[in-house]
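Take a brisk walk through this model.

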Amino acid sequence: MTLSEIKVVVDAQPVPCLLIDILQPHNVMFANKAFLNAFNVASKTLTGVAHNELTAQYFEHSAQNAMRLAVETAGKTKLPYTEKLLVALSNNSSMMAVDTYPVYNADGDVLCLAQNFNHYGTEVKDTDNPWRKSFDLFNYSPLPTWAYDTVTLKFLAANQAAQNTFGYTLDEYLNLTIMDMWYGEDADALQQALDEKVREGLPNNQLIRLITRDGRALYTEISSAPLPSWGPNTRIAMANDVTEQIRSAQNAELSNNLERLEKRILELNSQPDTPILEVLNSYTKGIENIFPEMICSVMQVHDDKIYNWATSSLPADYINSIEGTAIAENTGSCGTCAFLKQPVIAGDIATDARWIDYRECALANNLLACWSYPIMDSANEVVATFGLYYSQVRLPEKHEIKIIERAAALLKVIIENRRYAATLKETMQLMTLGQELASFGNWAWDIANNKVTWSDTLYQIYGLDKAGFKATFEGYQELLHPDDRERVYNIISGVLTNKQDVTFEERIIRPNGEVRYLRSWGTLKYDSNGTPLKMIGACLDITESKLVQQDLEALNSRYSDLFQLSPHPMFVYDINTLSYLDVNDAAIEIYGYSKEEFRAMTLYEIRPQEDIPLFKKILNDDIKEGVQHTGLSRHVKRNGEIITVMTRGNSINYDGKAARIAIAIDYTDKLKAEDALKASERRFRALIQEGSDLICITDTEGRCKYVSPNAAFVAGIDADELMGKKIGDYMSAPDAALLADKLAKITEHKRVELPPLTFNNADGETRWLQTVITDLREDTAIDGIVLNSRDVTQRVQQDIVIKEHLERFNSVSKATSDAIWDLNILSGEITWNHGINGIFGHKALKNDYQWWYSHVHPEDIDNVTSIVNRTIINRFSRWTSEYRFQCADGSYKSVLDRGFLVFDDDGCPVRMIGAIQDITERVNYIHAIEKHNAMLQEIAWTQSHVVRAPLARILGLLDLLNSGHCDADSKLMLQYLNISAKELDEVIHKIITKSQPQPTEINPN
């Protein structure tokens, strides 16, 4: 309150009172009517008079010092003077009790001192002082309270609660009328109450909405009545804020409507023939029916662009204006949301910088606000955005944010379920393509009914027409080579007896008489009693592998364009000096240094100074020649920006120098995303009651102490039925035992994630629930073990189907000694069959392209990658290459790799499937022949240059001796010597001829 307001209140009280300046010399600031009447003085004669002078006029000398001490003490301490004073008046014998205390304003500052005078015998304690009680009741009431003039409607006073609740200061209230706080839609009802009750002096109780200083609308229960002590036109009003109660009731109704909508949408989505567009449109229309002020849309994100997926109310010209927009920052709410992978709230499109290029069309269609929420898949990639448009400028409230998150979660379930179905279909297509690529077919033999089924590829292998040949076990035996029939029959009979998987080779004779070699595999399915039910297997045509392979192609050693074209920064540095020897284009672009600047730098110069000691330790302890190293570190760009990268390096020889090659993958955004995810999880736990998961709080025996209300939706059983019962009673015996074991050990692990477990409700329906157990017994708010369960029934059932197909695919692949691989070109992920372990010994391997790249011999990698790249660029369907591949023990094997490309509807390669065959023995055989030929050539050279040279000199000397004069005996001896030398020369000539390398036909078999 202000000083003027205090004077009004003090003047109205019946007890004599003085208001005294807190500063020296403590002059009188105001005397109320009761004081003037009690001492029969005029008000003008007291204002400005020193307190000491006033007390000297009306009180005995003995009382003056005590009253002065009370004023000085209260002024210094700013607290009430606790000692009660009893003083005598100077003009008569009557006594007065004096109370001295400070008077505060709304901010808690002392405005002045007050001194009350009560006649002795009728004095009232300070706590019973009528003025103090009236003042405290008004100013410290917990309910907002006002006094206002019913004629001008201006505020006359407002207590602290009114200031705190509605945000106006007291000075601001005194410049307002009550109409300034009226909510527009309630104005008529308020005007009616003003005319019929307020101005008639009647009490009034009414539920209305009032506007706060920051524009919020609060639901309030108003009680008002006349305030006669303030004048005939004054009225007091008190407001009880019931906004939360009303909104809670509204939110409960909205939640029920949303649950009914979600149930209907999930039932619609479960129908496989229902197009996803119909499901999404039904959902967006349902939300708009519940929230008429909303306009909903779902935008699909594809190839870093957004496309309209589902909307029922957005104008067509607006949809066309944003169709195909590339996601980036400042591309409206949806484009920015998809780019940043986080919600984007544009409360006012007209002023939001992210809408600068799109606001014209939006505003023309009366779209004034837009909130967008990302829909992420299991790989943390944005697959769609959920957008909400409004025809008014506004920001979301807490309950609206929950609704958006809830809708986005359901949309994620719908989209991922449809993607699982598409994956299953794609798996079937891949199996068919894999059979065609590897030339193998699969078969199944229903033993009880003697019914045999063959795949289309198996008919092709046998050279048979599917329409003209009915596959039976007897028919299959007739196609076998006569020499193999008994052996194969015994093998299959043995499987029926010992029930062990089998792999064998066999020969078949096609109808045209051609003999083909097959490698076959079989496994037996039998019931719980061991009775054979079905045998399934596969046959691989290995005829071509029996033929002589083509001559080897020479490979060049030096890293290829893959180094320069890698999207991640790559470096080559001298292991001794740590100087950069080479960098790729991505390093130059991302780090900002030129290639020349890099070559003038060392590894230390791209690291923060505080990280160098740790980096030196890593160099000394972990960087070893021939050993790959992976680790996280911080790098500094040319512009000073610090990024966190995952580096992987290995040793190479670069132009005769001992060097290492390293790749740096930026993990900065990923680490930020992980931190954001952790924060999101904390918020999720705080909003556990609003989630779609089943939340139970149990004791250590699994007995329910709390069950979330959505139990019927998630598990098909009411929450009340589960209370006090053990969760394990609704599970199968093995699952119940697993849950009991984890609960018993929860003290040790604190948090355990369980695989999907079965849950049987009262109707006998079995659902799969994936559960996370968290020990929160130490948390007094929880005091139990929390079980967070999610219904994954549909996903588990789909996984079972996919697993069966994958098991069949892997079973078929066992029939070959090749290592079969499947590369997703878009994601870089590679799937290997068991051959990668059987041939090369690799067990723990990374399913990515880089792992294969790092295991190809450095001298061979350029050639094989250039062949693959040329095949992809030219869109050839197949490619073949031979190279050396590193085994788990570090040795290399020579392999023949054959790849087959799969293209999408636009002719772009999306998947590559291949088979790697071990040709090491053939290569070693050829190398042995080449070594033998080199040895023969060396022998030939020795014969022609070392042995024959002295003989030639002897023949020359004999010619000279024969031309000279000698007797008959000497001449005869020379003649014999000459004949012997020529015979020796012919012998040497024949040796040289025979030692020459002869063309050799290579046959590794």
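**A helix pair and the cavities**

H9 and H10 are roughly antiparallel to each other, a label for angles over 145 degrees. Their axes come within 10 Å and cross at roughly 170°. Axes are lines fitted to C-alpha atoms over the stretch in contact, with angles from 0 to 180 degrees between N-to-C directions. H9 covers residues 243-269 and H10 residues 276-290. Helices (H or I, at least four residues) and strands (E, at least two) are DSSP runs numbered from the N terminus.

This is a predicted model: local features need pLDDT of at least 70, side-chain atom pairs count only at pLDDT 80 or more, and totals for chains, interfaces and linings use all residues. Residues are numbered from 1 along each chain as its sequence is written, and side-chain values use heavy atoms, without hydrogens and water.

Contact means heavy atoms within 4.5 Å. On the H9 side, the contact residues include Leu-254, Leu-258 and Leu-261. H10 brings Val-279, Tyr-283 and Ile-287, among others.

Now the cavities. A cavity is a set of points on a 1 Å grid over the protein atoms alone where a 1.4 Å probe fits but cannot get out; lining residues have an atom within 4 Å of a point. The whole structure holds six cavities of 30 Å³ or more.

Key: 1 Å grid on protein atoms, 1.4 Å probe; cavity = no way out; pocket = protein on both sides within 12 Å on 5 of 7 lines; lining within 4 Å. Points joined across faces, edges and corners; volume = space filled by probe spheres on them. Parallel < 35°, antiparallel > 145°, perpendicular 65-115°, else oblique.
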